[in-house]
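Hello,

Here is the structure I said I would pass on. My notes on it follow below.

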Amino acid sequence: MTYDLLVLGTGPAGLSAAVTARGRGKSVAVMGAPPEDSPLARAPEIDNYLGLPGMSGGEMLARFEEHARRAGAEFVRGRVVSLLTWESSVMATVGSQVYQGRALILAPGVVRQNKYPGEEALLGRGVSYCATCDGMLYRGKAVVVAGRSPEAPAEANYLRSIGCKVTYVAPVRPEGLDEEIPFVPGNRLTVLGEGAVTGVETGGQTIPCAGVFILRPAVAPADLLPGLTVENGAIRTDRFMATNLPGVFAAGDCTGLPHQISKAVGEGLTAALTACRYLDEKQKRA
């Protein structure tokens, strides 16, 4: 199904954007983890959100989500593993499902992750964040799955089912991993190769491979969208929350300090208004 607007993020910024876009008659899919996975959900008390003092983070998020659902936003639970944009559309992959939209709002919060040595240099040259997207490229070849997300065992099993020779690396062997898949305990790894992946090193052991699937609970937007401008770890936007990519907008903690709910809600509203205006103008030109 094609939506007018895809919203990546289920926090205050994303939900504010969803409510605003629905108020303008746009179809909206909100993608991301369930609210209980958010750091905000674990806040015992919030005293600085106007008009709602003393509310817990979990209760506030539940109210925000209920508002978005009543407004007619649809929800897609899961980790967004790839994004693709072009002149008139955007596609997002969640698990094995692909969703299409006419515009995109990035509101994933702050994705805190330290890249492995060699990961950034070899992204797209053997390093991948999506088994469903890139698995067939490695059929019959050796691959390593660095599993950190809950979906990682299932994605490793999928790679084996299509003919990849899979080795799984993680601190402990996870439940649900195919017994036929070799497991190597490791907390850190180094991606090896010049120009293309040739292997990984972990715990003093070298594992030759042609591809490395690094599966974290969340992926930073700049890794999902090549060409997205980031400054000091935050997505750069103009005052209307537009990024440097056509049809792509951003809101909330991912755009930088201050990391406050009020700021996130306001930016989500602004991003949605700008996205709706973008969609209306594009429709007039069609």
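**Pockets, a helix and some backbone details**

The second largest pocket is lined by 24 residues, and those lying nearest its centre are S82, L83, C133, D134 and L224. Please keep in mind throughout that this is a predicted model. The elements that each give two or more residues to this lining are β4 (80–86), β5 (89–94), β7 (127–128), α3 and α5. The largest share, five residues, comes from β4. By class, the lining of the second largest pocket holds 15 nonpolar, six polar and three charged residues. The volume of the second largest pocket is about 440 Å³.

The largest pocket has a volume of about 1300 Å³. It is lined by 47 residues, of which S38, P39, P108, G109 and V110 are the closest to its centre. Two or more lining residues come from each of α1 (12–23), β2 (28–32), α5 (221–224) and α6 (261–285). Here α1 gives the largest share, with three residues. The lining of the largest pocket divides into 25 nonpolar, 14 polar and eight charged residues. Note that α5 is named for the largest pocket and also for the second largest pocket.

**Helix α4**

Which residues of α4 are buried? In this helix, which spans residues 152–161, they are A152, P153, E155, A156 and L159. Seen down the axis of α4, these buried residues fall within an arc of 165°, so they line one face of the helix. They pack against α3 (131–134), β8 (142–147), β9 (165–170) and β14 (211–215). After α4 comes G163, which has a positive phi, near 105°.

**Cysteines**

How many disulfides does a search of the whole structure find? The number is zero. Two cysteines are worked through here.

- C164: the closest cysteine sulfur to its own is in C209, 11 Å away, which is too far for a bond. C164 counts as buried, at 5% relative accessibility.
- C254: the closest cysteine sulfur to its own is in C276, 18 Å away, again too far for a bond. C254 counts as buried, at 6% relative accessibility.

The cut-off used for a disulfide is a pair of cysteine sulfur atoms within 2.5 Å.

**Backbone geometry**

Most residues other than glycine have a negative phi, and most peptide bonds are trans. The following places depart from that.

The peptide bond from L257 to P258 is cis, with omega near 0°. P258 is in the loop between β17 (248–250) and α6.

N232 is not a glycine, yet its phi is positive, near 55°. It is found in the loop between β15 (230–231) and β16 (234–235). Is N232 buried or exposed? At 86% relative accessibility, N232 counts as exposed, since the threshold for exposed is over 50%.

M241 is not a glycine either, and has a positive phi of about 70°. Its place is in the loop between β16 and β17. M241 is buried, with a relative accessible area of 5%; the limit for buried is under 20%.

**Two residues and their surroundings**

S88 is partly exposed, with a relative accessible area of 43%. Leaving aside neighbours within four places in sequence, S88 is in contact with R102 and K282. S88 and G247 are 159 residues apart in sequence, but their C-alpha atoms are 8.1 Å apart in space.

G266 is in helix α6, an element that also contributes to the lining of the largest pocket. At 32% relative accessibility, G266 counts as partly exposed. G266 and Y116 are 150 residues apart in sequence, and 35 Å apart in space from C-alpha to C-alpha.

Regards

Technical notes
Residues are numbered from 1 along each chain as its sequence is written. This is a predicted model: local features need pLDDT of at least 70, side-chain atom pairs count only at pLDDT 80 or more; totals for chains, interfaces and linings use all residues. Side-chain values use heavy atoms; hydrogens and water are left out. Buried means under 20% relative accessible area, exposed over 50%, partly exposed in between (1.4 Å probe, protein chains only). Helices (H or I, at least four residues) and strands (E, at least two) are DSSP runs, numbered from the N terminus. The arc is that of the directions from the helix axis to the C-beta atoms. Contact means heavy atoms within 4.5 Å. On a 1 Å grid over the protein atoms alone, a cavity is a set of points where a 1.4 Å probe fits but cannot get out, and a pocket is an open set with protein on both sides within 12 Å along at least five of seven lines; lining residues have an atom within 4 Å of a point. Grid points are joined across faces, edges and corners, and a volume is the space filled by probe spheres set on the points. Ala, Val, Leu, Ile, Met, Phe, Trp, Tyr, Cys and Pro count as nonpolar, Asp, Glu, Lys and Arg as charged, and the others, Gly among them, as polar.
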